[in-house]
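Colleague: I have this protein open on my screen and would like to go through it with you. Could you start with whatever lies inside?

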Amino acid sequence: CADHGVILAVENASRVELGAFVRLFQAVPELCCTLDIKHAYKPKRFGRTHADYLQALYDRIRNFHILARHPDDPLGDATPPGPVSLIDIPALAEELARRGYTGLLTIEVPLADLPDEKLPEAYEPFLPPPGPDETTLGRRISRHAVDYYRKQLAAVLEGPAG
């Protein structure tokens, strides 16, 4: 991969034990990490969060998959971000800015697995009124997510303080 300018990265999965994942990176020094926040955030199930991955693997992380988790998850991972999130996105942004992170931030904006005709009603409680150019539900969800993450990730998007 390195000979061709390709960065080889492995993404964590929900059920991967953190110690085993760390040992993988110790065994393969050229391997990079894509840290999927929703897979890392498992305090009840595994007693760990994305902060544990940051501590153990920060120097190997080249991409973050970021998804604000609604406490009730009414639409599962497809619940649009809102004022309440289990994962403190601004705190994550501040930590990344403090560390001088310059890698990728990949925002996940999934669509609920519902029939097309049920999607507008399912999303209505979570979204602001449509803007003039939002002719589809997808555009409306996208604008909402971009606005949300732009604000919540401001610390890292604006660069290190000072």
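Modeller: The largest cavity is lined by Leu67, Asp77, Ala78, Thr79, Pro80, Pro81, Glu108, Val109, Pro110, Ile141, Ala145 and Tyr149. Please bear in mind that this is a predicted model.

Colleague: What is the volume of that largest cavity?

Modeller: The volume of the largest cavity is about 50 Å³.

Colleague: And how do the residues of its lining divide into nonpolar, polar and charged?

Modeller: Nine residues of the cavity lining are nonpolar, one is polar and two are charged.

Colleague: How many cavities of 30 Å³ or more does the count give?

Modeller: The count gives one cavity of 30 Å³ or more.

Colleague: Let us turn to pockets. Which residues line the largest pocket?

Modeller: Its lining consists of Tyr41, Lys42, Pro43, Lys44, Arg45, Arg69, His70, Pro71, Asp73 and Leu86. The volume of this pocket is about 170 Å³.

Colleague: How does that pocket lining divide by residue type?

Modeller: Five of the lining residues are charged, four are nonpolar and one is polar.

Colleague: Now the fold. What does the secondary structure come to?

Modeller: The protein has eight helices and four strands. Along the sequence they follow the pattern β-α-β-α-α-α-β-α-β-α-α-α.

Colleague: In what order do the strands form the sheet, and is the pairing parallel or antiparallel?

Modeller: The four strands make an open sheet in the order 1-2-3-4, with parallel pairing. Strand 1 (9-11) and strand 4 (104-107) each have a single partner strand, so one side of each lacks a neighbour in the sheet. On average, neighbouring strands of this sheet are turned by 20° against each other, direction ignored.

Colleague: How many bridges join strand 3 to strand 4?

Modeller: Four bridges join strand 4 to strand 3, which covers residues 61-66. In this part of the sheet, His65 stands opposite Thr106 of strand 4.

Colleague: Which strands does helix 1 touch?

Modeller: Helix 1 (residues 18-27) packs on the sheet and touches strand 1 and strand 2 (32-36). The direction of helix 1 makes about 175° with that of strand 1.

Colleague: Finally, the whole chain. What are its spans, and what percentage is buried?

Modeller: The C-alpha trace spans about 50 × 40 × 35 Å along its principal axes. Of the 162 residues in the protein, 39% are buried.

Colleague: And what share of the contacts joins residues 24 or more positions apart?

Modeller: Such residues account for 63% of the contacts with a separation of 6 or more.

Methods: Residues numbered from 1 in each chain as written. Predicted model: local features only at pLDDT ≥ 70, side-chain atom pairs only at ≥ 80, totals over all residues. Heavy atoms only, no water. Pairing = 2+ DSSP bridges. Helix = DSSP H or I, 4+ residues; strand = E, 2+ residues; numbered from the N terminus. Axes fitted to C-alpha atoms, helices over the stretch in contact; angles between N-to-C directions. Contact = heavy atoms within 4.5 Å. 1 Å grid on protein atoms, 1.4 Å probe; cavity = no way out; pocket = protein on both sides within 12 Å on 5 of 7 lines; lining within 4 Å. Points joined across faces, edges and corners; volume = space filled by probe spheres on them. Nonpolar A, V, L, I, M, F, W, Y, C, P; charged D, E, K, R; others polar. Buried < 20%, exposed > 50% of the residue type's maximum accessible area, 1.4 Å probe, protein only.
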